Amino acid sequence: MNNLNVVPDEVLQRAKANVDSNGYLNIEIDPRLDLFAEIERLKKEKNAILLAHYYQEPDIQDVADYIGDSLGLAQQAAKTDADIIVFAGVHFMAETAKILNPNKKVLLPDLKAGCSLADSAPADLFAHFKAKYPGHIVISYINCTAEIKALSDIICTSSNAEKIIESVPKDQPIIFAPDKNLGGYLNKKTGRNMVLWNGACMVHEIFSLEKITKLKVRHPKAKLIAHPECEDAVLQVADFVGSTTQLLKYAIQDSAEEYIVATETGILHQMQKDAPHKTFIPAPPNNSCACNDCPHMKLNTLEKLYLCMEYETPEITMDETLRKAALKPIERMLEISRAAGLIGG
Ligand code: SF4
């Protein structure tokens, strides 16, 4: 440990005791500490891999071993041989990593980094909902709790959802949870009539069609690219709809010079890095706040990341019966994705 950050034992024990209420280790860090160098040191010393979602702040993306969307992150978590997985994302993502890696330590910088979409499907209410539709199988978007996963038959992400649905016989009725916007979009794309749970993401529901239309007048050559968690009205006018990774690839490979991006603003960092000559404009929300920044994702900071790696707290733990039940539909997703050539073996 760097001698700039020697923490008295009683301070550390107090911070650990309060981690459930605070969500993170509330310890002051010497401002002279080079957090980037410290995080690199900890990765090596502890054989830890740092996985970060595209919606994390740029500093965290830059220090990560792997940056991706939910599908890519789940796949990395499934194949890593690191002893510790540090997950710079939200709680359900770190939970997914733990479900796939029961014998590894999984750390999350802030336990309170939740997800409004996952929260919109409480397990007890969903179990009642499911019971009303006998004979249906459940396909759940990965943005849900371990309890919802355990009630599901197959998990999907926005990258593989179409293929997952197509792998199910046409006459098999399906419940789709928890995102009604993604579910509605998939019903249109696949011609199915899936029963939809009424959940949504607070970030993707906030875009204003009116403001996007005005922005397009000011930038007539800009293409609108949107995540399928956006409302139908926005998706209908989009030039391209896709998962975070698909939006990134499209923005790099497409010939246009300007894009209005309707998803969480964190992805603009990679878009700008990978296509520095292009212009990326965040789609405006329907009020003046920065509501297209996910407040849950942005709870993670470089300081919290360093502290959780140094002291291996907060850690994700899970009941083994729940973990096994939640694992089955994730493994099914990975199998179908592999067979469809969406991810490597
Ligand atoms: S952007 Fe939406 S779906 Fe993603 S973590 Fe934030 S609240 Fe959840």
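Predicted model: local features only at pLDDT ≥ 70, side-chain atom pairs only at ≥ 80, totals over all residues.
The ligand is surrounded by 13 residues. Cys 115, Leu 117, Cys 201, Val 203 and Cys 294 are the closest of these. Sorted by class, the shell around the ligand comprises 9 nonpolar, 3 polar and 1 charged residues. Residues of this shell come from both domain 1 (3-113 + 297-314) and domain 2 (117-201 + 323-339), so the ligand lies between the two domains.

Val 261 belongs to strand 11, which spans residues 258-262. Val 261 counts as buried because it has 23 C-beta neighbours inside 10 Å, where 20 or more are required. When neighbours within four places in sequence are left aside, the contacts of Val 261 are Ile 225, Leu 247, Ile 267, Leu 268, Phe 280, Ile 281, Pro 282 and Ala 283.

Arg 338 is located in helix 17, which covers residues 320-339. For Arg 338, 13 other C-beta atoms lie within 10 Å, and this residue is therefore partly exposed; a residue is classed as exposed at 12 or fewer.

Arg 338 and Glu 205 are 31 Å apart in space and 133 residues apart in sequence.

Definitions and conventions: Residues numbered from 1 in each chain as written. Helix = DSSP H or I, 4+ residues; strand = E, 2+ residues; numbered from the N terminus. Contact = placed C-beta atoms within 7 Å. Near = placed C-beta within 6 Å. Nonpolar A, V, L, I, M, F, W, Y, C, P; charged D, E, K, R; others polar. Domains from an automatic or database assignment.
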